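Please open the model in a viewer and keep the sequence at hand.

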Amino acid sequence: MSDYDFDRVNVLLAEDSQFIRSLLTNSLKVLGVGNVFPVEHGGDAIHFLNRVKNEPMKVGVQQIDIVISNWDMHPIDGMMLLRWIRRHKDSPDRFVPFVMITSYTEPERIVQAREMGVTDILAKPFTIKNIGEKLISIIERPRQFVHTKEFFGPDRRRQKFPPKVERRVLTDKSEGVEIIRG
Amino acid sequence: MASNKPVIVRFYRFQNRLKEKTSGLAPGRASISPEALEKAEQALSKMSEDYPDWVSGLVVKLQEQHGRCVDSPELRRDCFETINHMAHDMKGQGGTFGYPLITNFADSLYGFTIQRPGDISDNQIELVKGHLDAMRAVIRGRVSGNGGEIGEKLSEGLSEAIKKYELEGEG
């Protein structure tokens with residue numbers, strides 16, 4: 001088993017608490033992440049992503065690989081940022097993995113974030129191990145994206161159900177299913 | 001012909017570029033090197049040393065908000081909102097740096113300053129002070145972990161104050 005080389009990985013980090021921001025930036029860098037771009041809130045993150053799209057040479061990065069964002073920020077919070085990334089026409093990459101950091105761990109909050117297309121949740125308070133596990137999960141277990149009338153985001157069905165459980169499952173061959181590969 | 005049917009769901013499946021970027025095309029799972037993890041843990045504990053100072057700064061800011069509540073009742077709603085946001089922030093951090101008591105107290109302060117209809121009473125303002133005092137005691141004494149006896153006493157004192165306030169609220 002070899003070690004990951006995160007040197008070419010670009011992370012956008014939106015966190016309004018200066019202490020946590022420098023902590024996360026530092027931790028990611030020590031774990032070997034080549035580029036961490038810290039910003040103060042969702043609005044700054046959107047501005048940054050726009051620049052990556054429009055003037056990548058100036059920013060010095062072609063593509064953001066992972067977005068890590070706090071939920072509770074002012075004036076633009078993590079959910080608004082996630083919504084913009086997943087749904088806005090100007091979004092440079094609607095499929096980018098998005099990790100939401102939050103101390104809101106009530107189930108309805110988690111569901112809310114998943115409905116908006118979050119990839120993963122990092123609960124506060126977190127440890128270095130938690131951060132490492134999220135990175136590995138994003139790299140090793142990417143999910144297909146699902147686009148329906150009501151939803152756009154990573155497939156919310158991560159669990160493998162035993163075949164006896166009856167579920168409405170569309171297979172690749174079902175009517176009305178289109179597969180897009182890239 | 002499938003193409004004539006309306007599409008109800010699209011599945012997007014991409015090559016795992018992130019995997020290629022981080023572990024090349026070698027088959028099998030990679031891992032994060034134990035050395036890197038160890039180094040990151042060390043960096044975290046180094047930052048944890050600065051945490052008490054940082055919290056002290058926040059407590060001073062909370063105190064300013066408390067002072068404004070006392071001096072200018074008309075500003076109480078705004079101040080409570082600010083306090084509530086700061087408490088939410090703090091509650092997510094204490095545990096990471098080995099001060100779960102700060103997380104507990106911040107959580108209690110957060111729950112207690114969520115806006116409710118009606119005026120904010122002097123007792124409520126007093127209770128904010130109770131929380132700040134407890135936080136200060138934790139930081140001053142560098143009470144990490146659950147704080148043993150001191151931690152218990154602080155927590156008990158605070159829950160009693162909250163109970164008292166709630167009883168008054170009912171009466």
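Begin where α1(A) passes α2(B) in a right-handed crossing (the near helix is turned clockwise from the far one by less than a right angle; helices are DSSP runs of H or I with at least four residues, strands runs of E with at least two, numbered from the N terminus). This is a predicted model, in which local features need pLDDT of at least 70 and side-chain atom pairs count only at pLDDT 80 or more, while totals for chains, interfaces and linings use all residues. Residues are numbered from 1 along each chain as its sequence is written, and chains are lettered from A and ligands numbered from 1 in the order in which they are written.

Next, show side chains. Those of α1(A) in contact (C-beta atoms, placed from the backbone, within 7 Å) include A:Phe19, A:Leu23 and A:Val30, and their counterparts in α2(B) include B:Leu44, B:Met47 and B:Trp54.

Now widen the selection: 45 residues of chain A are in contact with 41 residues of chain B. On the chain A side, α1, α6 (128-140), β6 (145-147) and β8 (177-181) each supply at least two residues.

Finally, select β8(A) with β1(B), residues 9-13: the two strands run parallel and are joined by 5 bridges. Here A:Val177 has B:Val9 as its bridge partner.

How values were computed:
Two residues are in contact if their C-beta atoms, placed from the backbone, lie within 7 Å. Two strands pair if DSSP finds at least two bridges between them.
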